[in-house]
Amino acid sequence: MSNTFHNDTKYCPCCETYVRYLASIDRSYCIECGGEVRLMSEADWGTFQERMEARKPKGGRPRKEGRRQTAVAQRRMSA
C-alpha cells in the first residue's frame, strides 16, 4: 500500500507554506494551525495559469480576406 496521501501537501495561507492537511468531504484543514488550506499559493496558481496559456494552440480559422480576393479576381476574369 502506498503512503502518498501522508506525504501530500496543500498551501496554508495562515502558515504561508505548504503543509500536510486533514481532509473532510468538501474542505481541507492544516494540521499545524487548523486553518483552511488551498491546493496552491497565489503565486503558484499564477505560474500554473501562464504555463497552461502557453500550451494552448495558436491560430484558428483562416481569414476570409485571402479567399475574397481570389473570388473577386476569378469574377473579373470570367466577365
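I began with the surface: the protein exposes about 7300 Å², of which carbon and sulfur atoms supply 51% (Shrake-Rupley method, 1.4 Å probe). I note that this is a predicted model, where local features need pLDDT of at least 70 and side-chain atom pairs count only at pLDDT 80 or more, while totals for chains, interfaces and linings use all residues. Residues are numbered from 1 along each chain as its sequence is written, and side-chain values use heavy atoms, with hydrogens and water left out.

Next I looked up the fold, which has 3 helices and 4 strands in the order α-β-β-β-β-α-α from the N terminus (DSSP runs, helices being H or I of at least four residues and strands E of at least two). Of the 79 residues, 13% are buried (under 20% relative accessible area, with exposed over 50% and partly exposed in between, 1.4 Å probe, protein chains only).

I then turned to Ser28, which lies in strand E4 (residues 28-30) and is buried at a relative accessible area of 7%. Its side chain makes a polar contact of 3.2 Å with the side chain of Lys10 (a pair of N or O atoms within 3.5 Å; within protein, one able to donate a hydrogen and the other to accept it, with residues adjacent in sequence counting only if both atoms are side-chain atoms). The charged end of Lys10 also sits over the ring of Tyr21, 4.8 Å from its centre (NZ of Lys or CZ of Arg within 6 Å of the ring centre and within 35 degrees of the ring normal).
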